[in-house]
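Subject: Structure for you to look at

Hi,

Here is the structure I promised to pass on. Please open it next to this email.

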Amino acid sequence: MFGLFKSSDIQRIHVNDMDDLIGKAELIDIREPYEYKVGTLRTAKNIPMMELLAEPDKYLNKDKTYYLICQSGARSRQCCKVLSREGFNVVDVTGGYGSYIGSKRK
């Protein structure tokens, strides 16, 4: 549908274009644990945004690409801006979990 695109030096992909990447890409759900427990995409691991931003080197490797998802796309966009400035390869999953209509929910 929207595919992978780049805007303001941040790579982005719409959540409904993620199905082929689920299970292959490093997917991080940056919502709070109570939000994550309600549902997420298969294979996504939960690292809340504030924890990730406080210690990115603890969770991320600068040689890998990570896809960041939240509920609507606002937090993942902000997080991607910060992490990309710090040299991490991150992709903003736009639309967020709330917009996902595929079959790969967990």
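Below is what I found in it, element by element.

**Ground rules.** This is a predicted model, in which local features need pLDDT of at least 70 and side-chain atom pairs count only at pLDDT 80 or more, while totals for chains, interfaces and linings use all residues. Residues are numbered from 1 along each chain as its sequence is written, and side-chain values use heavy atoms, with hydrogens and water left out.

**Confidence.** pLDDT is the predictor's confidence in each residue, from 0 to 100. Its mean over the chain is 91, and 92% of the residues reach 70 or more. Residues 1-7 fall below 50. That stretch still has 17 contacts in the model beyond near neighbours in sequence (contact: heavy atoms within 4.5 Å).

**Helix H4.** Helices (H or I, at least four residues) and strands (E, at least two) are DSSP runs, numbered from the N terminus. H4 covers residues 74-85, which is 12 residues. The expected span of a helix is 1.5 Å times one less than its number of residues.

Which residues of H4 are buried? They are Ser76, Cys79, Cys80 and Leu83. Buried means under 20% relative accessible area, exposed means over 50%, and partly exposed is in between (1.4 Å probe, protein chains only). Seen down the axis of H4, the buried residues fall within an arc of 105 degrees, so they line one face of the helix. The arc is taken from the directions from the helix axis to the C-beta atoms. The general rule behind this: an α-helix has 3.6 residues a turn, so residues three or four places apart point the same way.

What does that face pack against? The buried residues of H4 meet strands E2 (10-14), E5 (65-69) and E6 (89-94), plus helices H2 (49-54) and H3 (56-59). Just after H4, glycine 87 takes a positive phi of about 95 degrees.

E6 is mostly covered, with five of its six residues buried. E2 is mostly covered too: four of its five residues are buried. E2 and E6 pair in the parallel sense over four bridges (pairing: DSSP finds at least two bridges between the strands). Histidine 14 stands opposite threonine 94 in E6. E5 and E6 are also parallel, over four bridges. Here tyrosine 67 has valine 91 of E6 as its bridge partner.

E5, H4 and E6 make a right-handed β-α-β unit. Right-handed means that, with the strands pointing away from the viewer, the path from the first strand over the helix to the second runs clockwise.

- Threonine 43 sits in the loop between helix H1 (33-38) and strand E4 (45-46). It has a positive phi of about 70 degrees although it is not a glycine. Its relative accessible area is 47%, so it counts as partly exposed.
- Proline 48 lies in the loop between E4 and H2. It is buried, at 6% relative accessible area. Leaving out residues up to four places away in sequence, proline 48 touches Ile30, Arg31, Glu32 and Pro33. Its C-alpha atom is 9.9 Å from that of glutamate 35, 13 residues away along the chain.
- Methionine 50 belongs to helix H2. It is exposed, at 58% relative accessible area.

Best wishes
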